[in-house]
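Notebook open, structure loaded. I want to jot down what I looked up, one entry at a time.

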Amino acid sequence: MKITRIDLADTGSPMGLATKILSVEKDIPIPMPIEELARQLDVEKIAPLTTVGFEGGLLTDEDRSTGIILVNQAAPEGRRRFTIGHELGHFLIATHKPVETGKFLCSRADMTNWSLDQTNRYARMEAEANEFSGLILIPPPILRKFIPKGDPTLEHVPMIAQHFNVSKEAAARAYARYHPQEIAVVVIEDGIVKRAHKRPTFPWISVPYGKPVPRTSIFRAKDQRPRVASELSAISPEQWVDLKPGQRAELFEQMYPQQDGYALLMLWLEVEEAEEADDDRTSAQRFKDQQARWR
Ligand SMILES: [Zn+2]
């Protein structure tokens, strides 16, 4: 590898950092050699984290002259790789300052915090570290080439997870975000909506996090097979999304049951009319800017 931290000196955003790294390392293999990349960027070592209840940590100094990344060794490989990417994000984003000087400690909840539109500084830091990790492990230009042509299906998610060596949720998030169709992937635990990953142009999901999946959802169907994507099934759009007045659309669901009560549910929206400007304007605009930069 040729990349050095000097190459990254002018960049402080997750997208800027990932873009720069990939522009210098054009022939980087996939799955991304994340440990090697971290070492190349002055992380001295990657060591097991023993603090109960945390997924990852970063020990560093104020000037970030060097760093030690700590990882929960009990987590599956895909999640450990994501954690390393996340901690590398904290290390490279100079504005990230931990609660306790020189020591970042990140929980499982931190690793699932994706909303960049927040005012809490610490929550935003976690979201940025996740954004960086997602972008570096699953670079959108490489993902776009990998996604098979045609209709979206959750069958692609395990393929992406395997190809990029990431967790299924990280794969599902990237899939929802960068698939050319209007899709979202809802993460469900024990019948409760935990979170959703979507294209910024996908409408607002009206089922709040922490609430049960709608009764008419395919999620409630009896004949689910673990780790097998179901057939696509139509559902009334208002069960999941708020359409604009006068807007007509068809909504399809597809279910992928995982283990331990978890499931992924894809929502695929086909809007019948030309869409007006999105009301989630900040994210949508950011997404467009990102798309432009990747070209
Ligand atoms: Zn963190």
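This is a predicted model: local features need pLDDT of at least 70, side-chain atom pairs count only at pLDDT 80 or more; totals for chains, interfaces and linings use all residues.

**Aromatic pairs.** With centres required to lie within 6.5 Å, I get three aromatic pairs. One of them is F252 with W268, 5.9 Å centre to centre. The planes of F252 and W268 are 50° apart, so I put the pair down as tilted, since stacked needs under 30 degrees and edge-to-face over 60. F252 sits in strand β8 (residues 249–257) and W268 in strand β9 (residues 262–271). They are 16 residues apart, and the pair links distant parts of the chain. I also checked accessibility: F252 and W268 are both buried.

**A charge over a ring.** Next I looked at Y122. R121 lies over the face of the Y122 ring, 4.9 Å from its centre.

**The zinc site.** Which residues hold the zinc ion? I find H86 and H90, each through NE2, plus C106 through SG and E126 through OE. The distances run from 1.9 to 2.2 Å. I wrote the spacing of the donor residues as H-x3-H-x15-C-x19-E.

Then the geometry. The angles between the four donor atoms come out at 91 to 126°, so the arrangement is tetrahedral; the cut-off asks for all angles between 85 and 135 degrees. For reference, the ideal angle for four tetrahedral donors is 109.5 degrees.

**Helix α3.** H86 and H90 are in helix α3 (residues 77–92), and because they are four residues apart, about one helical turn separates them. An α-helix has 3.6 residues a turn, so residues three or four places apart point the same way. H86 and H90 are both buried.

Is α3 enclosed or open? Of its 16 residues, 13 are buried, so I noted α3 as largely enclosed by the rest of the structure.

**Helix α8.** I asked how many residues of α8 (residues 168–178) are buried. Ten of the eleven are, so α8 too is largely enclosed by the rest of the structure. The buried ones include R173, Y175, R177 and Y178, and E169 is also among them.

**Domains.** Last entry. The chain is divided into domain 1 (5–137) and domain 2 (180–294). Taken over C-alpha atoms, the centres of domain 1 and domain 2 are 28 Å apart.

Definitions and conventions
Residues are numbered from 1 along each chain as its sequence is written. Side-chain values use heavy atoms; hydrogens and water are left out. Buried means under 20% relative accessible area, exposed over 50%, partly exposed in between (1.4 Å probe, protein chains only). Helices (H or I, at least four residues) and strands (E, at least two) are DSSP runs, numbered from the N terminus. Domain bounds come from an automatic or database domain assignment. Donors are N, O and S atoms within 2.8 Å of the metal (3.2 Å for Na, K and Ca); water is not among the atoms, so sites may look incomplete. Four donors count as tetrahedral if all angles lie between 85 and 135 degrees; four count as square planar and six as octahedral if opposite donors are over 155 degrees apart and all others between 65 and 115; anything else is irregular. Rings of Phe, Tyr and Trp (its six-membered ring) pair if their centres lie within 6.5 Å; planes under 30 degrees apart count as stacked, over 60 as edge-to-face and the rest as tilted. A charge sits over a ring if NZ of Lys or CZ of Arg is within 6 Å of the ring centre and within 35 degrees of the ring normal.
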